[in-house]
Every structure is written in C-alpha cells, then in structure tokens.
Amino acid sequence: MDASSIAAFVVSTNDVFRTMLSLGVTAGKPYTCCVVPRFENEVSGIIGMSGDVQGMVVLSFPTTTACNVIRAFTGMDMDPSSPDFADAIGELVNMISGAAKAKFEGKNVSISCPSVVIGRGHKVQQPSDALCITIPFECAAGAFSVEVAIKSARAATYATGGAATSNAVTTNTTNAAKAA
Amino acid sequence: MKVMLVDDSKTMRTIQRNILMQLGFKEIEEACDGQDALSKVSAFAPELLLVDWNMPNMDGITFVKNYRAQGGKSPVVMVTTEAEKTRVVEAIKAGVNNYVVKPFTPDVLSQRINETLSRTKAA
C-alpha cells in the first residue's frame with residue numbers, strides 16, 4: 001500500500017462527509033493499526049475489496065459520534081440497534097470505498113456489499129498479510145477513523161477476509177441478517 | 001410521473017425519494033435489488049428509473065439489460081459509487097441513459113434527472 005492509496009481514502013472520506021453530511025473533516029497523521037487506538041470501536045462499517053486490489057476497509061466510530069453522523073446524513077435520530085442505523089453506516093463506508101477505488105488508476109477493483117458490526121470494544125481483524133493503516137479523522141460530529149488494509153493482487157496470498165471479534169452484533173446491511 | 005428507485009440501501013432510497021418529492025414527483029415505487037425491481041416494473045410501469053449498481057441478488061447492470069430485453073423503454077439513471085470510466089461505458093452499453101456518482105448533492109441529482117427527461121422528450 002503506497003501513500004497515494006491512503007490519500008485516496010482521505011479525499012474520498014472528505015468528499016462523502018462534505019457532500020452528503022455537510023460536515024468538514026480533518027485528517028490526522030495515519031498510523032499502523034498495531035498502535036493503541038484513540039477510542040474503543042463501537043460501530044464499524046466494513047467493505048471488502050477484490051480484483052487488482054484486495055483487502056478491506058473499516059469505518060469505525062464511538063457510538064456517540066456514529067449517532068451524530070447518522071443524524072447529519074439522514075436528518076433523523078436513530079437508535080443504534082435499528083436496521084436503518086446499520087444501513088446508513090453501510091452506505092457511508094460503501095461511498096467512501098467506492099470513491100477511493102475510482103482513484104486507483106488502471107486497476108480493476110470490485111467492492112463487496114457492506115457489513116456493519118455494533119458492540120463495545122469489538123476488534124475487526126484485518127488480513128494478516130496486508131499492512132493495516134488507520135487514518136484518524138475529526139469533525140463536528142466527533143472523532144472517527146478509517147482503517148485500510150489493502151494490497152496489490154499480485155502479492156495477495158490470503159483467501160479470506162478478516163473477522164470481527166467480541167460480543168458484537170454483525171449486520172449484513174443487505175440481508176439484514178444478524179448473528180451474535 | 002411515475003419513478004422507480006432501485007437501491008439496496010433504504011437510507012439512499014429515502015434521500016433520493018426526498019429529492020424527487022421536492023422536484024414534484026409524487027408516484028414513487030421502491031425496489032431493494034434488481035430482482036425486486038424486475039418483479040415490479042410491469043405492474044408499476046415507471047416512466048423514469050434511478051438504479052444503483054452494486055446490489056445483492058441482481059445488480060443494476062443485469063437489471064437494466066433484462067429490463068431493456070423485456071422491451072422497457074423508460075429512461076434509466078444509474079446512481080452508484082462506481083466512478084471509473086470503464087464502468088460508465090459498460091453502463092451506457094447496457095442501456096443506461098445517464099449517470100450520477102455517489103456522493104452527490106441534491107442539485108446534481110436534480111440536474112441529471114431533468115437533463116435525462118428533456119433528452120427523452122426531445123428524442
């Protein structure tokens with residue numbers, strides 16, 4: 001993963017928040033995911049990438065920030081346990097990932113339908129052979145992060161994506177299927 | 001005018017519905033994927049369709065190909081995160097009339113809808 005890939009996610013996150021939520025965001029200095037995070041993950045939207053670039057993208061929030069963000073996005077207050085809340089988080093990570101992959105020039109990349117994990121202190125296990133970079137963001141709704149673990153398909157050797165651990169609720173926003 | 005919204009995200013359908021209502025469209029039907037849309041087009045007979053690309057069960061491109069193959073002639077605007085030029089070309093070849101990349105502002109979506117309807121009227 002090179003600097004231009006990270007820049008693509010900074011730009012796409014800024015575009016999505018500015019255009020769809022009318023919120024400006026400030027990106028902090030990216031760091032590797034092995035550094036202790038600034039906050040406990042409570043709400044995460046996850047997208048897989050396949051094709052010439054493989055890996056995953058995780059948009060993570062503390063619950064308070066997620067609620068503020070969803071209010072800005074939909075114009076409504078939503079309970080984090082409602083399917084509509086997960087749907088909205090899924091759509092945000094979908095737009096961020098889609099806009100970022102469009103900047104991978106000359107690469108044919110597909111993105112998966114999003115999944116959403118909600119639960120205190122969960123960890124999304126990124127693929128072990130891809131460097132995971134966390135991009136911290138601040139906005140008026142609070143702090144959040146975009147974790148990116150992608151690599152060129154030529155170097156990819158893993159066959160499966162990551163997994164979420166803890167007692168979180170995972171929602172495939174497409175099928176609205178839930179599993180503890 | 002009857003409009004069909006095809007998107008697996010309820011959030012996105014609601015955002016688009018609100019924009020359409022502000023533009024004066026009142027008859028709006030929703031479908032959560034291509035399969036759902038195909039099952040509804042005959043009965044609803046939309047005069048404009050807004051279609052997402054990435055959806056489960058049947059994606060937007062497959063839906064548009066099926067819709068055109070069945071004789072569906074109404075204009076289709078693809079509203080998607082797929083922004084690469086190759087994807088836009090693929091969509092046009094499949095029978096899409098206009099293209100909006102997410103994220104979008106209400107102004108951009110409104111403009112593309114009006115543009116699409118004007119072109120269809122003129123043809």
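Two strands count as paired if DSSP finds at least two bridges between them. In this predicted model, that criterion gives chain B an open sheet of five strands with parallel pairing, in the order E2-E1-E3-E4-E5. Chain A contains three helices and 12 strands, and its strand E4 pairs in the antiparallel sense with E9(A). The two chains touch, with 16 residues of chain B in contact with 19 residues of chain A.

**Sheet of chain B**

- The order of the open sheet is E2-E1-E3-E4-E5. Strands E2 (27-31) and E5 (98-101) of chain B stand at its edges, and because each has a single partner strand, one side of each is left without a neighbour in the sheet.
- From one strand to the next, the twist averages 20 degrees.
- Strand E3 (residues 48-51) and strand E4 (residues 76-80) of chain B pair in the parallel sense over three bridges. Within this pairing, Val77(B) of E4(B) is the bridge partner of Leu50(B).
- Helix H2(B) packs on the sheet, where it touches strands E1 (2-6) and E2 of chain B. The direction of H2(B) makes about 170 degrees with that of E1(B).

**Helix packing in chain B**

- The axes of H2 (residues 34-44) and H3 (residues 60-69) of chain B come within 9 Å and cross at roughly 25 degrees. Angles under 35 degrees count as roughly parallel, and H2(B) and H3(B) are therefore roughly parallel to each other.
- The crossing of H2(B) and H3(B) is right-handed.
- On the H2(B) side, the contact is made by Gly34(B), Ala37(B), Leu38(B) and Val41(B). H3(B) contributes Gly60(B), Thr62(B), Phe63(B), Asn66(B) and Tyr67(B).
- The contact of H2(B) with H3(B) comprises five nonpolar and four polar residues, with no charged residues.

**Helix packing in chain A**

- H2 (residues 63-74) and H3 (residues 83-101) of chain A pack at an angle of about 80 degrees, with their axes 10 Å apart. The range of 65 to 115 degrees counts as roughly perpendicular, and H2(A) and H3(A) are therefore roughly perpendicular to each other.
- Ala66(A), Ile70(A), Phe73(A) and Thr74(A) of H2(A) meet Phe85(A), Ala88(A), Ile89(A) and Leu92(A) of H3(A).
- By class, the contact of H2(A) with H3(A) has seven nonpolar residues, one polar residue and no charged residues.

**Strand E4 of chain A**

- Strand E4 (residues 53-61) of chain A is mostly covered, with nine of its nine residues buried. One side carries Val53(A), Gly55(A), Val57(A), Leu59(A) and Phe61(A), and the other carries Gln54(A), Met56(A), Val58(A) and Ser60(A).
- Seven bridges join E4(A) to strand E3 (residues 43-51) of chain A, and these two strands run antiparallel. They form a hairpin with one residue between them, and Met56(A) is the bridge partner of Gly48(A).
- E4(A) also pairs with strand E9 (residues 142-152) of chain A, in the antiparallel sense, over eight bridges. Glu147(A) in E9(A) is the bridge partner of Val58(A).

- Chain A has 180 residues, of which buried residues make up 46%.
- Among contacts in chain A between residues at least 6 apart in sequence, 73% join residues at least 24 apart.
- Where the chains meet, 16 residues of chain B are in contact with 19 residues of chain A. The side of chain B that touches chain A divides into five nonpolar, six polar and five charged residues.

Terms used. Residues are numbered from 1 along each chain as its sequence is written. Chains are lettered from A and ligands numbered from 1 in the order in which they are written. This is a predicted model: local features need pLDDT of at least 70, side-chain atom pairs count only at pLDDT 80 or more; totals for chains, interfaces and linings use all residues. A residue is buried if 20 or more other C-beta atoms lie within 10 Å of its own, exposed if 12 or fewer, and partly exposed in between; C-beta atoms are placed from the backbone. Helices (H or I, at least four residues) and strands (E, at least two) are DSSP runs, numbered from the N terminus. Two residues are in contact if their C-beta atoms, placed from the backbone, lie within 7 Å. Axes are lines fitted to C-alpha atoms, for helices over the stretch in contact, and angles run from 0 to 180 degrees between N-to-C directions. Angles under 35 degrees count as roughly parallel, over 145 as roughly antiparallel, 65 to 115 as roughly perpendicular and the rest as oblique. A crossing is left-handed if the near helix is turned anticlockwise from the far one by less than a right angle, and right-handed if clockwise. Ala, Val, Leu, Ile, Met, Phe, Trp, Tyr, Cys and Pro count as nonpolar, Asp, Glu, Lys and Arg as charged, and the others, Gly among them, as polar.
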